[in-house]
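Let's take a walk through this fold together. Have the model open and follow along.

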Amino acid sequence: MDKQALKQAVCAAIDQHREKIFEIGEAIRVNPELGYKEFKTAQRVKEVFEEMGLPYQEKVALTGLIAQMKGRSPGVKMAVMGELDAVVCPGHPQADPVTGAAHSCGHHAQVAAMLGMAMGLQSGGAMEYLDGDLLLMAVPAEEAVEIEWRQSLIDQGKIRYIGGKQNMIKDGYFDDIDLAMMVHGTTGDKIEMADTSTGFVVKFVRYLGKEAHAGGAPHLGINALNAAQIGLAAINANRETFQDKDTIRVHPIITKGGDLVNVVPADVRIETYIRGKTMEGVLDASKKVNRALKAGADAVGAQVVIQEIPGYMPRMNEKRMNQLFEANVTPLVGSDHVVNNGHTTGSSDFGDIMHLMPGIHPYIGGAVGRGHSSDYQIVDPEMFYIVPAKAMAMTVIDLLWDGAAEAKAIVESYQPVYKNKEEYLAAWEELMKG
């Protein structure tokens, strides 16, 4: 069988599994779970792996899973990923009534497309023609949310980083992986390729004041909420110093504003990211944010404790892999539905992986509304679930065909930022020193 015939057979097999793929995606969508709590989602993925007869490992980085599909000969190892977690969006129609979690970002489609791709490769008999192994990774906790709670997991030694892929790097699951791929759902009717995206660091901030009766004796207290408000205003006063080339984004939230309305607030908590195109730009902005936060405390005589937490590194999509994916997806949707956005301002822990190996992270349309918002809904299931499954399957075939020649050429020419896991881990420790 030649390569094009194999692609056609695999796409036909994906079509045969269409209803199953839809069912998986929808089952995950209506059972949203937050990072490191994706127990029902992980169970659904586990069931599919077992139905396919694939060997797998579970409880990876707490809730993740990895299954293996072997090619006809060993050598290159390629990871295809799907993210298990949802975001917090309590106003979404399908939000969990207890946790507020909702799939208003499209991660459920990533998992369904990854599994659909695997079904197509298996049913289409592709692996007997491919050289190398395929690792199917159901990854936890991409959304960097619930920072205070995740910090408690770090303090307990259950994780080291807030992102699932980062912990998988630390634990060695990417030690022998050569290249990686995943897709991400988005709004509109386009396939969006990209070159780079932002990275970020995280701050957990506590303003500590002094309690007093808010009506009877406020002069005896120190208002931590006032300190926080001044600190946030001081951050805003610095925004004109952020250079356009660095695409800096600072977006704090107050997670605790005090305890009782008739008590001067003495414990106020803030979570924030500082995003940017390069880590150098991020760290420069981070110093300014710290200076502003400290100024708020000084203004009213409060104390501030700023906890620095590693965020995610910028994404750097590998050019040749991008070209292969684009060539495979274009016949499925038409050239007028494929665009390249250059640099994008979202972030993902896939960026950390791309600092170690080549990878791509295209965006697939099919939804309406705004990402991470209550109006985010799928309107084109074919685009959202089936197109990415086919495009990824065909790209895997291109990469692992003929002795995995394309994959080997990409890996050989790729210049990683860090040569190994140890350099990567040391870099985060150094970066967080500022």
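**Starting from one leucine**

Let's begin at Leu121: skipping its neighbours within four places in sequence, Leu121 is in contact with Val10, Met69, Ala126, Met127, Leu134, Ala393, Val396 and Ile397, where contact means heavy atoms within 4.5 Å. Before going on, note that this is a predicted model, in which local features need pLDDT of at least 70, side-chain atom pairs count only at pLDDT 80 or more, and totals for chains, interfaces and linings use all residues. Residues are numbered from 1 along each chain as its sequence is written, and side-chain values use heavy atoms, leaving out hydrogens and water.

Leu121 belongs to the largest nonpolar core, which has 68 residues. A nonpolar core here is a set of buried Ala, Val, Leu, Ile, Met, Phe, Trp, Tyr and Cys residues joined through side-chain atoms within 4.5 Å; buried means under 20% relative accessible area, exposed over 50%, and partly exposed in between, with a 1.4 Å probe and protein chains only. Leu121, Leu134, Leu136, Ile191, Phe325 and Val396 have the most contacts inside this core. Helix H11 (residues 381–413) gives the largest share of it, 16 residues. Helices (H or I, at least four residues) and strands (E, at least two) are DSSP runs, numbered from the N terminus. There is also a second, separate core of 52 residues, including Ile66, Met168, Leu293 and Met313.

Now for the sheet. Six strands form an open sheet in the order E1-E2-E6-E3-E7-E18, with mixed pairing; two strands pair if DSSP finds at least two bridges between them. Strand E1 (56–60) and strand E18 (359–360) are the edges, each pairing on one side only. Further in, strand E2 (residues 64–70) and strand E6 (residues 131–139) run antiparallel, joined by 6 bridges. Ala67 has Leu136 of E6 as its bridge partner.

Next, look at a pair of helices. Helix H3 (residues 39–52) packs with helix H4 (residues 107–123) at an angle of about 0°, their axes 12 Å apart. Axes are lines fitted to C-alpha atoms, for helices over the stretch in contact, and angles run from 0 to 180 degrees between N-to-C directions. H3 is therefore roughly parallel to H4, a label for angles under 35 degrees. Val45, Val48, Phe49 and Met52 of H3 make the contact with Val111, Leu115, Ala118, Met119 and Gln122 of H4.

Finally, strand E11 (residues 199–208) is mostly covered, with 8 of its 10 residues buried. E11 runs antiparallel to strand E14 (residues 267–276), with 10 bridges joining them.

Note on methods: Parallel < 35°, antiparallel > 145°, perpendicular 65-115°, else oblique.
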